[in-house]
Amino acid sequence: APFTSKTPLSFCQYNGSVCCNATEDLKLRNQFKSMNVSVSACASVLKSILCSRCDQFSAELYRIDSAQRTVPVLCNSSISTSSSQSQQAKVDYCAEVWDKCHNVAIINSPFALQAKGGIQINSTSKLTELWQSKDAFCDEFGGASDDGATCFNGGPVLLNSSENISPPSGICLEKIGNGSYLNMVAHPDGSNRVFLSNQAGKLWLAMVPEQGSGETLGIDESNPFLDLTDEVHADAALGLLGIAFHPNFQQNGRFFASFNCDKVRWPGCSGRCSCNSDIGCDPSELSSDNGARPCQYHSVITEFTTNSTTLNLSLVSQIRLVEVRRILTMGLPFTSHHGGQILFGPKDGYLYFMMGDGGGSGDPYNFSQNKRSLLGKIMRLDIDTIPSAKDISEFDLWGNYSIPKDNPFYEDHELLPEIWAMGFRNPWRCSFDSERPSYFLCADVGQDQYEEVDIVTKGGNYGWRVYEGPLLYNLSNYSEANNSSNPINAIFPVMGYNHSSLNKAEGSASISGGYFYRSMTDPCLYGRYLYADLYADVIWAGFENPKGSGNFTTDQLAVKCAQDSPIQCNAEPELTSPALGFIFSFGQDNKKDIFILTSNGVYRIVRSSRCNYTCSRENITDFTAPGSDVDPPSSSPSSGSKFSSPLTLQILVFTCVSFIGLLSFLL
């Protein structure tokens, strides 16, 4: 991710957020000198091209998600553009490079290196020796921003000016169910059905009614799709925390569950303790937590299958309780902060597993910043490739999975190979934007002061326990981290709120992450990221402005319940807002409608006019999604430890056993 350099770069004149440190800046200077370019005009453009690696948008300039490049994509005005990059993108910089350099001898030319597939050629060449014309050269190196990335025009990437968009009037809800659930996942067949699961370990298949039909959620709780209650330990901070369907579920019927188990109660609950000698932790020195011994409870990811003879998996309404494969088992030092959500990446197909710091006030063993611990991390696993015995031994794997070849471990060998990002306290609900999959947002529950939303990128460090959100958590932690040989470059949240601004009577806060709203039901919410707090009947909406900048402004929106709601909402005393209870999580169906899962039931966001809110776009039949003329940034996070996509530009950036138990789980 981009960072603010502690010392100015002397060769590449980039200020603010950069992707090069002083050492890398010196390497670029030496590379430039070795080219021995005699023509000053050509030397100037070559220096600019080399220094583009220091641009905060370098991941986009080099299109690192699709190909290995030694030269950034050069802006070419002959290619149409319709992007968030400024009008400078229309400068024909590719033609300028050709005009100034085509007949100049360049030693170890980066253009020749890319043309040879990255093979070092150690020779002097001219552009005219490799490309017959300017058009041929720009076919190779030119491009515009119409495919979701940026192009290089000779200087730092700039974005269009900010849009002046007023916040929505409020959010209108209807209540369609009375059940209390933690997870909602849309059916992979694209129908109007969803899967709902509770903390105790049951999973149901439910029918979502059409809006305006007056009908409620179609669910038979006496007939679960899968019942894991004998395996799941659902007590206070523990339970069934995540469900995910394989991207090819309609063909292979593979389904995954993330839950906690008790090794005293279930023999199948057995794995390594995350408090171990590799990270300087001795479980025998830990005291009991809520009556449980260290690593008595485990986090488990396991695979099931429909195992059906029918070719149409949409017809399957129940699966057998037969564990096909244990993906991961990890003993937990304490009884809280386990995250537990699992998601498949929409572009890469890998399984992402969110794990908290393991519990204890202030992460007492600093697990989150320990690169040899999986606690306080987001992991990225390949569950389609069975690991070899060599891989299991070499990587010291925690289960039956393989390591994706572009995980950060391959650039930072101090990291455990499973780790995608680190420095989290308790990530509670993450999501990929359905329209811009490179936007991977996670809410992270704070300690005493701040609740945050982060844009998660490859190899990113999100600061805990040195920082709590943008705030310094502990001065001694900061001194220890930044006096080390490898100081952290913390990525700060793009959204969040202080505890002091919320629920002073409760004295606590606990964020629940949501989704970018991509439904046409309420067009005034379109493109805004929605999130909430466990204790508060309010919802925040974050709007990125300008597009692709990573700069979000947030609004706290009023919430009402439609008078014609299929199930009448109870109102807060002396207030018009509905009594939602505790907001556990959000859900999204195949129509991209957003649902709120609470202790009092299931709510759906509906047309704002049903609550007498005003949305000027609601009745426009040819409504175009705000910003839909703006292409998203490239679809994957950075493939290098230093490069980043634009989404990190602003770096400063159940049915419950007991509700009290769940509160301690989240906090």
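1. In this predicted model, helix α2 packs against helix α4 through A41, C42, V45, L46, S48 and I49 on the α2 side, which meet Y93, E96, V97, K100 and C101 of α4. Sorted by class, the residues of this contact comprise 8 nonpolar, 1 polar and 2 charged.

2. As for the geometry of this pair, the axes of α2 (residues 40-51) and α4 (residues 93-101) come within 8 Å and cross at roughly 135°. Angles over 145 degrees would count as roughly antiparallel and 65 to 115 as roughly perpendicular, and the two helices are therefore oblique to each other. The crossing of α2 and α4 is left-handed.

3. The second largest pocket holds about 920 Å³ of space, and its lining is made up of 36 residues, with V185, A186, L343, F344 and Q588 lying nearest the centre. The elements that each give two or more residues to this lining are the strands β8 (183-186), β12 (240-245), β17 (342-344), β21 (427-432) and β32 (583-588). In terms of class, the lining of this pocket has 18 nonpolar, 14 polar and 4 charged residues.

4. The largest cavity, for its part, has a volume of about 50 Å³, and the residues that line this cavity are G423, R425, D444, V445, G446, Y450, E452, Y462, W464, Y467, E468 and G469. Two or more of the lining residues come from each of β23 (450-455) and β24 (467-468), while the class count for the lining of the largest cavity is 5 nonpolar, 3 polar and 4 charged.

How values were computed: Residues numbered from 1 in each chain as written. Predicted model: local features only at pLDDT ≥ 70, side-chain atom pairs only at ≥ 80, totals over all residues. Heavy atoms only, no water. 1 Å grid on protein atoms, 1.4 Å probe; cavity = no way out; pocket = protein on both sides within 12 Å on 5 of 7 lines; lining within 4 Å. Points joined across faces, edges and corners; volume = space filled by probe spheres on them. Helix = DSSP H or I, 4+ residues; strand = E, 2+ residues; numbered from the N terminus. Nonpolar A, V, L, I, M, F, W, Y, C, P; charged D, E, K, R; others polar. Axes fitted to C-alpha atoms, helices over the stretch in contact; angles between N-to-C directions. Parallel < 35°, antiparallel > 145°, perpendicular 65-115°, else oblique. Left-handed = near helix turned anticlockwise from the far one by under 90°. Contact = heavy atoms within 4.5 Å.
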